[in-house]
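Please read it with the sequence and the structure open beside you.

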Amino acid sequence: MKSFLKQSAYLIILIALASCSGTNVSKKDSPSFDKQAHRGGRGLMPENTIASEKNAIDYDCTLEMDLQMSKDKKIVVSHDAYFNNDFCLTPEGDTMTKKDGLSRLIYTMPYDSVAKYDAGLKPHPGFPLQKKMHAVKPLLSVLIDSVEAYGKRQHHVNHYNIEIKSSPNNDGKTYSSLQEYIDSSMSIIIKKGIASRTMMQSFDVRALRIIRNQYPKIKISFLVGANNKKTPEEYITELGFEPDIFSPDFSLVTQGLVNGFHKKYILVIPWTPDTLEEIQRLKDMGIDGVITDYPDLFSKLK
């Protein structure tokens, strides 16, 4: 009888522990919260620059960045495929109109020409707290070398979230081909020894499918915009497989969405809530991390 009671009590404890886990489960199986600095934290530093990514390290953040391709097929760290007139200056140091900036495609220039444009001195109208300094759009290989060396000096193990900026409309216009764009990017990531610490993200399901099929050990993050509202099952059907991370515009996040992905052991890391209140509200829902322009906000979270 005593033996039966002990077995029953043990079974009750196991059931209680299982029920406590609820639906807030992730592939990391870890309580850690992934703090990601969007474009290196463009609220504080010029975006997608070596300086901003070093600053992200100072805030103990994952280094989030975007990739483009130059005419000589070098991989450049840049969100835009052109020179954004909001914060870029010509090689002569002049400002540009929006139309002029849009006409200056990175893919139409060899990298030595791209490097002549400044991307850090002009005050950004959207980010008044951004520190101003001379900066260029760096090569991915150079940025990795620089931040890896800096990370070692700071005793910090860098993690990366790197975006492929592709779409069917841009094939052959802002990069040679999607396959070459991905292969060139992945070649650098693998050669630099950061593949195991890198997740690859994209809005383009074609790009994510190529990476999953040809680079199966790389973590995949599926980006979706605010106008792409679906259920977890519908998102997975759209992509064609279960990603490691689901990364929606933060406005899409609901408790039901978080629970739905966690039931499938998929992390939820939204972008870009930029106030403490927004980030705290999302964290309270049990999300697994946040991509924000203001990495200084993370220290204020409860």
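1. A crossing of two helices is called right-handed if the near helix is turned clockwise from the far one by less than a right angle, and left-handed if it is turned anticlockwise. With that in mind, H2 passes H5 in a right-handed crossing, and the contact is made by Ile50, Glu53, Lys54, Ile57 and Asp58 of H2 together with Val142, Leu143, Ser146, Val147, Tyr150 and Gly151 of H5. Sorted by class, the residues of this contact of H2 with H5 are six nonpolar, two polar and three charged.

2. Please keep in mind throughout that this is a predicted model. The chain has 302 residues, of which 53% count as buried, and it holds ten helices and nine strands. Among the contacts in the chain with a separation of 6 or more, 62% are accounted for by residues 24 or more positions apart.

3. Two packed helices are described by the angle between their axes and the distance between the axes. For H2 and H5 the angle is about 30° and the axes are 10 Å apart. Since angles under 35 degrees count as roughly parallel, H2 is therefore roughly parallel to H5.

4. Which residues of helix H2 (residues 50-58) are buried? They are Ser52, Glu53, Asn55, Ala56 and Ile57, and what covers the buried residues of H2 includes strand E1 (34-37), strand E2 (62-69) and H5. After H2 comes Asp60, whose phi is positive, near 60°.

5. Helix H5 (residues 140-153) also packs with helix H6 (residues 178-191), at an angle of about 20° and with the axes 10 Å apart. That angle makes H5 roughly parallel to H6, and H5 passes H6 in a right-handed crossing. In this contact, Leu140, Ser141 and Ile144 in H5 meet Ser185, Ile188 and Ile189 in H6; by class, the residues of the contact of H5 with H6 are four nonpolar, two polar and no charged.

6. Another pair to inspect is helix H8 (residues 232-239) with helix H9 (residues 255-262), whose axes come within 9 Å and cross at roughly 55°. Is the arrangement of H8 to H9 roughly parallel or oblique? H8 is oblique to H9, because an angle counts as roughly parallel under 35 degrees and as roughly perpendicular from 65 to 115. Pro232, Tyr235 and Ile236 in H8 meet Leu257, Gly260 and Phe261 in H9, and the contact of H8 with H9 comprises five nonpolar residues, one polar residue and no charged residues.

7. I would next look at the backbone, with the reminder that most residues other than glycine have a negative phi. Arg39, which lies in the loop between E1 and H2, has a positive phi near 55° although Arg39 is a residue other than glycine. Tyr265, in the loop between H9 and strand E8 (267-268), likewise is not a glycine and has a positive phi of about 60°.

8. Where is Thr174 found? Thr174 sits in the loop between strand E4 (160-164) and H6, and at 7% relative accessibility Thr174 counts as buried, because buried means under 20% relative accessible area. Leaving aside residues up to four places away in sequence, Thr174 touches Gln68, Met69, Ala81 and Tyr107. Of these partners, Gln68 and Met69 fall within the residue range of strand E2 (62-69).

9. A last point concerns the cysteines. How many disulfides does the count come to? The count comes to zero disulfides, a disulfide being taken as a pair of cysteine sulfur atoms within 2.5 Å. Cys61 is buried, with a relative accessible area of 3%, and Cys88 also counts as buried, at 0% relative accessibility.

Note on methods
Residues are numbered from 1 along each chain as its sequence is written. This is a predicted model: local features need pLDDT of at least 70, side-chain atom pairs count only at pLDDT 80 or more; totals for chains, interfaces and linings use all residues. Side-chain values use heavy atoms; hydrogens and water are left out. Axes are lines fitted to C-alpha atoms, for helices over the stretch in contact, and angles run from 0 to 180 degrees between N-to-C directions. Helices (H or I, at least four residues) and strands (E, at least two) are DSSP runs, numbered from the N terminus. Angles under 35 degrees count as roughly parallel, over 145 as roughly antiparallel, 65 to 115 as roughly perpendicular and the rest as oblique. Contact means heavy atoms within 4.5 Å. Ala, Val, Leu, Ile, Met, Phe, Trp, Tyr, Cys and Pro count as nonpolar, Asp, Glu, Lys and Arg as charged, and the others, Gly among them, as polar. Buried means under 20% relative accessible area, exposed over 50%, partly exposed in between (1.4 Å probe, protein chains only).
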